[in-house]
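Please examine the structure shown below. The questions that follow concern its pocket and its core.

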Amino acid sequence: MTEARSHSHHEHRVRQRLIKAAAIHLTTNDFDETLLEQAALGAGYSLDQARTFFQTSEDVVVALYHGFADDLESRLADLPQGTLSERFKALMQVKFEITEPYRKTLSRLILKLSDRNDPLGVLSAETEAIR
């Protein structure tokens, strides 16, 4: 493995640890501006190290959303053929499967998720690239 690939792999692992720590924090705490700091603490990194990957607390949540979207996209080809209703049901089952481990986290974010004017809202301009 080249040094660049090793460095990239390390960065990916750090980023994933921060996202996971943020998700864990959100299972018992509501979202606030200290999330990035709490994620850094939970993952064993300094806030400065965390800011290498995320500038704001919202950024780490959007990264979590991106992970869901990437996982879903990787499974689209495996959806069964059928009627629109059958395909929609299969798609929703996959979405629930992907997000199940994060159910408590998402429940803490539900007010933000459902507000299109909130940067973390699923219909906000900030999350448009994920849809």
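Q: How do the residues lining the largest pocket divide into nonpolar, polar and charged?
A: The model is predicted, so local features need pLDDT of at least 70 and side-chain atom pairs 80 or more, while totals for chains, interfaces and linings use all residues. Residues are numbered from 1 along each chain as its sequence is written, and side-chain values use heavy atoms, without hydrogens or water. Ala, Val, Leu, Ile, Met, Phe, Trp, Tyr, Cys and Pro count as nonpolar, Asp, Glu, Lys and Arg as charged, and the others, including Gly, as polar. On this basis the lining comprises 12 nonpolar, three polar and four charged residues.

Q: Which helices each supply at least two residues of that lining?
A: Helices are DSSP runs of H or I with at least four residues, numbered from the N terminus. Those asked for are α4 (57–75), α5 (84–99) and α6 (103–113).

Q: Is H25 buried or exposed?
A: H25 lies in helix α1, residues 3–26. Buried means under 20% relative accessible area and exposed over 50%, with partly exposed in between (1.4 Å probe, protein chains only). Because its relative accessibility is 17%, H25 counts as buried.

Q: Which residues does V61 touch, not counting residues up to four places away in sequence?
A: V61 is one of the residues that touch the most other members of the largest nonpolar core, which has 32 residues. Such a core is a set of buried Ala, Val, Leu, Ile, Met, Phe, Trp, Tyr and Cys residues joined through side-chain atoms within 4.5 Å. Contact means heavy atoms within 4.5 Å. With that sequence limit, V61 touches L26, F31, L35, L109 and L120.
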